[in-house]
Amino acid sequence: MQAKKRYLILVSAGACLVVLLFLGGLPVPASRRSQIQRDGHRPGPRWPRFLEHLQPFVPRDQTESEGYSAHMSARQKRDAGSGLNQGRRCRMDSCFDFSLCAKNGFKVYVYPQQKGDKISESYQSILASIEGSRFYTSDPGQACLFVLSLDTLDRDQLSPQYVHNLKAKVQSLSLWNGGRNHLIFNLYSGTWPDYTEDLGFDIGQAMLAKASISMENFRPNFDVSIPLFSKDHPRTGGERGFLKYNSIPPFRKYMLVFKGKRYLTGIGSDTRNALYHVHNSEDVVLLTTCKHGKDWQKHKDARCDTDNAEYDKYEYKEMLHNSTFCLVPRGRRLGSFRFLEALQAACIPVMLSNGWELPFSEIIDWNTAAIIGDERLLLQIPSTTRSIHQDKILSLRQQTQFLWEAYFSSVEKIVLTTLEIIHDRVLQHMGRSSLMWNNHPGGLFTLPQYSSYLGHFPFFYAPLGIKPQAKFTAVIHAVTPLVSQSQPILKLLVAVAKSQYCAQIIVLWNCDKPLPAKHRWPATSQPIIVIEGESKVMSSRFLPYSSILTDAVLSLDEDTVLSTTEVDFAFTVWQSFPERIVGYPARSHFWDANKERWGYTSKWTNDYSMVLTGAAFYHRYYNYLYTNYLPASLKSMVDQLSNCEDILMNFLVSAVTKMPPIKVTQKKQYKETMMGQTTRASRWADPDHFAQRQTCMNKFASWFGTMPLVHSQMRLDPILFKDQVSILRKKYRDIERL
């Protein structure tokens with residue numbers, strides 16, 4: 001019996017082995033495989049490897065069917081659908097020619113305006129902002145991105161701003177190339193009754209910078225969602241946010257407000273028609289009116305008269321400035337003017353516009369500045385806003401002010417933010433991080449070409465908990481020949497070199513005379529590097545020289561008179577305020593009401609707004625920002641006048657920090673010594689010199705769109721300065737003797 005069992009087992013095992021060999025399921029041992037190859041037998045064909053993923057199969061007759069679309073998400077519909085134009089599936093890697101940007105970098109070309117073309121004021125502001133930016137080029141051969149001069153902002157056929165025959169005009173452009181590497185701006189699309197997002201012409205492979213764009217039609221990392229702004233939105237500068245101070249606790253008179261139109265029929269009517277359910281006339285005030293349009297009375301409903309009467313009781317701005325939250329429901333289109341109004345007023349936006357791709361969503365974390373609601377859950381909005389902790393309210397409110405002033409307060413900032421987003425896509429290795437975009441001072445002032453590390457920027461030192469280097473580089477601007485060993489520049493070199501914090505001294509030789517021989521310079525403990533200015537212009541003193549290796553730069557005029565103690569103390573102060581200008585000679589600005597222009601004064605008062613760079617510390621990043629951020633027109637003006645470079649640097653730093661510079665210990669002798677026995681004496685006494693500086697003030701303010709300078713009355717002195725105690729107890733005792 002046992003033998004029979006063994007026999008059956010052997011037969012079964014043999015049968016299984018035969019089946020496995022027949023099906024090819026038993027692998028050949030490696031030794032056997034190599035033996036076969038040595039015997040000259042070639043192995044059979046292997047299964048091919050495909051490098052590309054297989055595309056999803058969609059039956060041709062089902063792509064547009066409702067049955068197929070019902071099981072697809074909005075993003076899947078956007079990616080798989082054929083769309084209204086060939087560019088619906090466009091992404092940067094498929095519809096953008098990066099080779100155009102390889103040679104000249106990211107340059108933007110604006111088509112020349114044709115005679116007879118109708119252009120709205122808003123679109124003129126957009127084009128002017130591009131032409132005034134650091135990206136603009138007038139040569140299409142150098143361009144990486146192209147912008148139409150044809151007005152595409154308003155594509156509502158019922159609008160007086162609507163441009164007819166746009167399709168034919170666009171197709172006739174010689175550089176159109178199917179829209180490749182083109183950017184189209186749009187605020188309004190579609191018309192009554194459905195207000196679709198169709199622009200009325202095939203945009204091809206062009207990118208869209210569009211307001212009120214839906215998530216379904218938005219092409220991620222290709223299009224840019226911009227805010228809806230009015231024709232009165234300022235071109236440059238713009239007003240600052242309305243938050244003057246933080247109240248604790250942060251609650252205002254109203255919890256939640258809204259005041260706007262109510263649509264009786266058509267798209268966008270559902271949400272606003274339901275607001276009366278939440279309105280309580282106390283802390284939740286949601287007002288609508290149906291009194292708009294020519295024939296509103298024909299369509300009025302039973303609530304119209306009541307709503308209109310309640311609507312007229314409240315003043316909109318008073319509500320806006322005295323509410324903690326502002327409701328931003330959709331209108332006919334997804335976007336609304338209420339969005340920017342709420343941001344500026346520090347009224348936290350509560351978004352009720354399902355499917356809206358929020359402005360600049362690619363770079364801005366809106367969860368830190370707004371409440372994203374759901375139109376279907378309107379009745380829960382009041383309880384949701386009441387449940388938010390006051391610490392969170394403070395944080396949200398402060399972030400609304402930062403975002404408003406950084407990206408939305410003017411047309412120029414909206415346009416520049418759009419261009420910078422595309423710039424970061426093109427030059428991905430130098431793109432900004434989310435922290436750079438969402439923290440002060442914002443992405444427009446944080447140039448990634450300088451560094452991708454936050455710790456290299458002075459305004460990120462405090463958030464990161466790091467300190468600047470404990471050494472500085474002195475840069476002395478020399479414009480007069482070296483003819484005597486008693487000249488102030490030689491004394492200045494010796495005094496600065498004795499500072500315990502000095503790493504090196506750079507002499508920028510902008511004099512027309514040849515460089516002095518090496519032995520003419522004094523022997524110092526720190527190295528002296530002499531750089532001959534190539535162009536001999538004023539702006540060259542702020543070039544980002546590679547020889548500057550320290551964070552701190554001590555900018556000095558050749559006739560400045562400073563002691564070693566003064567240098568040490570000023571540097572110690574700067575280490576606590578590395579994002580600001582810290583120095584000695586102070587000046588101020590004022591508004592001349594009679595002439596209706598800005599004025600400049602050098603009178604010695606307790607009030608100042610500038611610290612001149614003739615004797616001041618600042619971070620070396622501002623050299624890079626001065627050279628690469630400011631337009632050539634301002635720097636050319638400085639170079640032509642050989643004046644105002646210090647004012648321009650103060651404008652720039654105050655625009656970045658929103659704070660004044662810092663003046664250190666008063667030195668009355670500086671007023672006389674700065675007008676020493678050099679050729680500059682006549683310059684300081686020349687009335688034309690101050691007239692030029694007045695002109696510069698107004699020219700700079702015009703470009704910045706506002707006056708960035710901030711007044712201050714703070715002066716930092718050493719501890720025990722002028723106190724009636726022993727001089728031996730004072731660290732900077734020599735300053736009192738000056």
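Some ground rules come before the tour. Residues are numbered from 1 along each chain as its sequence is written, and side-chain values use heavy atoms, with hydrogens and water left out. Because the model is predicted, local features need pLDDT of at least 70 and side-chain atom pairs count only at pLDDT 80 or more, while totals for chains, interfaces and linings use all residues.

**The two pockets**

A pocket here is an open set of points on a 1 Å grid over the protein atoms alone, where a 1.4 Å probe fits, with protein on both sides within 12 Å along at least five of seven lines; lining residues have an atom within 4 Å of a point. Its volume is the space filled by probe spheres set on the points, which are joined across faces, edges and corners.

| Pocket | Volume |
|---|---|
| Largest pocket | about 1400 Å³ |
| Second largest pocket | about 870 Å³ |

Let's start with the largest pocket. Of its 40 lining residues, Tyr195, Lys261, Tyr263, Arg332 and Arg333 lie nearest the centre. Strand β8 (254–261) is among the elements supplying at least two residues of this lining, and β8 gives the most, with three. Helices and strands are DSSP runs numbered from the N terminus (helices H or I, at least four residues; strands E, at least two). Sorted by class, the lining has 14 nonpolar, 13 polar and 13 charged residues. In this sorting, Asp, Glu, Lys and Arg are charged; Ala, Val, Leu, Ile, Met, Phe, Trp, Tyr, Cys and Pro are nonpolar; the others, Gly among them, are polar.

Now for the second largest pocket, which is lined by 34 residues, with Arg240, Glu405, His440, Ala655 and Lys658 closest to its centre. Helix α14 gives the largest share of that lining, seven residues. Helix α22 (645–657) is one of the elements that give two or more.

Glycine 260 sits in β8.

A polar atom of its side chain lies 2.8 Å from the backbone oxygen of aspartate 646. The backbone oxygen of valine 611 is 3.0 Å from a polar atom of the asparagine 650 side chain.

Methods:
Polar contact = N/O pair within 3.5 Å; in protein donor to acceptor, adjacent residues only side chain to side chain.
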